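Please load the model in the viewer and keep the selection panel open.

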Amino acid sequence: MNVGQRVRRTDAVAKTTGAARYVDDLSRDGMLYGACVRSPVQRGRILRIEFADDFDWRGITIVRASDIPGENVVKLLIDDQPVLAERELRHLHEPVCLLAAEDPYRLDAAVKKTKVVCEEKTPVHDIDASLAARTKIHGDDNIFKEIHIDKGNVAAVFADSRMTIEETFEVGPQEQLYIEPQGMLAEITDDGVVTVTGSLQCPYYVHRALKAVFGIDDDKKVRVIQAETGGGFGGKEEYPSLIAAHAALLALKSGRPVKMIYDRAEDMAATTKRHPGELVYRGAFAKDGELLAVDIDICLDGGAYCTLSPVVLSRCVLHALSAYRCANVKIRGRVVATHSPPNGAFRGFGAPQSIFACELFLDLAARELGISPIEIRRRNHLLPGDSTTTGQILDVGVSAQEVLEKAAAAADYEKKWNAYRNAPRLPDRPWRGIGLSLFAHGNGFTGSGEKKLAGRATVRLSLRPDLPTGVGAVVLSSSAEIGQGVRTIFAQIAADALGLPLAAIDVLSPDTAEVPDSGPTVASRTCMIVGGLVEKAARSIVKAVRIDPESSFFESLADYIQKHGVAEATETYVSPKNVEWDEDTYRGAAYPAFGWACDIVEVEVDPRTLEAKIVDVVTCQDVGRAIHPLIVEGQIEGGTVQALGYAAFEEVVIQDGAMFNNRLSQYIIPTAVDVPDVRVILHENAYAGGPFGAKGIGEMPIDGGAPAYVAAVCQATGFDFRELPLTPERIAERLVGNVVDTRGGDR
Amino acid sequence: MKIKFRVNGVDFEKDVRPLRRLLDILRIDLGLVGTKEGCAEGECGACSVIVDGDLVCSCLIPAVQIDGADIKTIEGIAAEKGIAADLLTCMADSGAAQCGICTPGFVMAGMDWLNRGSACDDVRDRRDEVRRAVAGNLCRCTGYVKIIDGIAAAAAKCAARKRAD
């Protein structure tokens, strides 16, 4: 049995020895390097592109919008984003034209010698300006998407309530900071196939985008191959379509393979970020802490083009009260356009933003009510049989109580919270604080998304006389290994479903010429949904092949292949029954399954330097069943540290709408000395609809660390913070010049 | 300019621009692509190599500085036996690599720490020392726990072997 075991990852040796090949490790004969010339202004109109007279342009390939054979559009949700700007410039760093050269030094020089001459216009800087809609970027009101949830009778309850509280929260952007920058290698093969190999999460998104850019109808005339990918976190969900189009256009124009690798500064400045925004929570509470009604207003900044903003908003809204029960809920969510590089997918995808606000809101309400933060969670968290904000009735899959109590016990939360609450804040010893967050994460695409995707996975058996059993298997899916261990867990699932050893299983790296479209590698769906398809396909083919219990697997397979030519099964996703979702009213079963988690973060603030040191991090998470406990722990450890980065270190400084501090020396992500070991407790509440009981894992770990950290700093310092990031500078700004309550006893 | 240098025990002579980065000499001129580029400003450590016994960021080392130098890269470490092989085995087993792009750099940092002798002195918990030794390497996937596990396990293995001898 491989599922549940800490087997060595199938790619461990290649990665530790430096043998794994990422796109920048690849080259082709006659290869050129490609670069993008970008808008120098935040908003404007292109007058002309000037190529300097004092530069030798021989051997430099130039691609402009007019060179695009198909549509000048990045296919995604709506067709608003161009591959290359033609007239209008909507954000700083918007791509205008492309250059390629054999010598990278000459290419750099050529970029500097290209000038985008434009007429500047007054930009829309922020959400308020966007909503005022004096300048229209998108439609009449600059709103990419608006969502409403209305449950029960919020107005009546507020009218009746004595204890109401309203709080406003602000969350900044966050950069995904995959350690491998964006990159693509494009070539047009001799038989005219537009082929790109690169760093990506969703091969079929890129495939669809390239078909449109090149005006190609035949699926076989575009081929997308995933190279080993050095991290994605959503940053390589939709963005790769744009860089792939750029590299491929240069390959077409030059007639040579083109490699385009972003350097870190370009990557940070020009690519997508986590949506920043403002969230207002207003709640009515009973004296014992029960949340009677809640009115939530969310506004996110989507940047200049739509990209995935409607879906980010959707998840943000659906997770606004993720772990809690409330009979009366009113939510308005909007995502708006501004003149900045478009924001996009980043692990959590809207949930970290609303969970941040929700958790701090509950802490503030608890204090008003005179009860503890854990008490208010206990009064309100979901239980089996409860209904969510969309009216979805939950079943035994709810683990809110278990993860809360297990985490609290492991972190000694109640004893510490009481001790720190009553401790005076003295000038010569650390001020301590402990914070807690409780949250859920919906797995898979929302509502009927998975049904629409109709993802597929294939398992193919072959005769392998070189293997002990003589039988080998290949798993074919478009799920991209990006570090999350999909290669290994798919092999484990297939091995157990087929009754073969792990070493007999090959998981093919996605290549659209070879694998079916399983849907994108996003939304915490890879293990639960696609892994489920792999399990079913494996069981299906082994059942079809092994019809004679007397024969060996090898003999049965040989027979089967002789009769049928090939031994494979493809499974297509089918929605579970009784899963109804109304996209217009936002009511029904939003997700087939939810993960549950509780994070507890403890800090020590140095009264002299005001540095907030993270001294303990505990998390208990329910992911159904851990297919590979080491991989699951790794995902939780990594995601939690990313959440701590979002909370304490990572500030995107904006100038002219774009990231100004686009250097690793200026945008700080946690190092090994900035965070302690994350202590992980797994709670396994098996989900019947997932492979071997597994649910999703990818995103939930990043959802709740930020409010737990901020809550801890609030307790330690005696000040309320309602924003992210809560950097050392911001803590200092608040404290310096203010009176610190040395008595304590206030938080 | 002409420079002479040794990489993983093999001698080279090259004619390069004086400011050509060591990272590019390794990856492009010598085809040793195990050393990775993450930031080009010496912050992420993905380009770590060992030059004349010191752990450095190869993206910050110009060609002029490696004339006469003895350089070790991940490819060299991967070919070695003994403590280097232990380190690679321990890191492969501990789950140190998720996406893997930072891993060669961490192997170099771990190797540099293990080379400093005292790392194999005894079998007590060395996690805090390891943590400091890899503070110059950024990882976005792992949260560092299993990287530290792997390097600490290699030290424990080395110490156990030293005691047995």
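Begin by selecting Lys259(A): in this predicted model, the residue has a relative accessibility of 4% and therefore counts as buried, the limit being under 20%. Lys259(A) belongs to strand 12 (residues 258–261) of chain A, whereas Asp24(A) sits in the loop between helix 1 (12–16) and strand 1 (32–38), so that the pair links parts of the chain 235 residues apart.

Next, select Glu102(A) and Arg256(A), whose closest N and O atoms are 2.7 Å apart in a salt bridge. Glu102(A) lies in the loop between strand 5 (95–101) and helix 2 (104–112), and Arg256(A) in the loop between helix 6 (240–254) and strand 12; the pair thus ties together parts that are 154 residues apart in sequence. Glu102(A) is exposed at 51% relative accessible area, while Arg256(A) is partly exposed at 30%.

Move on to Glu167(A) and Arg722(A), a salt bridge with its closest N and O atoms 2.5 Å apart. Here strand 8 (residues 163–171) of chain A, which holds Glu167(A), is linked to the loop between helix 19 (705–717) and strand 28 (723–724), which holds Arg722(A), across 555 residues. Glu167(A) is buried, at 12% relative accessible area; Arg722(A) is partly exposed, at 25%.

Now display chain A as a whole. Its secondary structure comprises 20 helices and 28 strands. The radius of gyration is 27 Å, close to the 27 Å given by the globule rule for 747 residues, so chain A is as compact as a globular protein of that length. Of those 747 residues, 64% count as buried.

Finally, show chain B together with chain A. In this interface, 45 residues of chain B contact 51 residues of chain A, and about 3900 Å² is buried between the chains, 57% of it on carbon and sulfur atoms. Select Gln98(B), Arg131(B) and Arg140(B): they supply 20% of the area that chain B buries against chain A, more than any other three residues. Nine salt bridges join the two chains. One to inspect is Arg27(B) with Asp25(A), where the closest N and O atoms are 2.8 Å apart.

Methods: Residues are numbered from 1 along each chain as its sequence is written. Chains are lettered from A and ligands numbered from 1 in the order in which they are written. This is a predicted model: local features need pLDDT of at least 70, side-chain atom pairs count only at pLDDT 80 or more; totals for chains, interfaces and linings use all residues. Side-chain values use heavy atoms; hydrogens and water are left out. Contact means heavy atoms within 4.5 Å. Buried area is the accessible area (1.4 Å probe) that two parts lose on being put together, summed over both. A salt bridge is a side-chain nitrogen of Lys or Arg within 4 Å of a carboxyl oxygen of Asp or Glu. Helices (H or I, at least four residues) and strands (E, at least two) are DSSP runs, numbered from the N terminus. The radius of gyration is taken over C-alpha atoms; the globule rule is 2.2 Å times the number of residues to the power 0.38. Buried means under 20% relative accessible area, exposed over 50%, partly exposed in between (1.4 Å probe, protein chains only).
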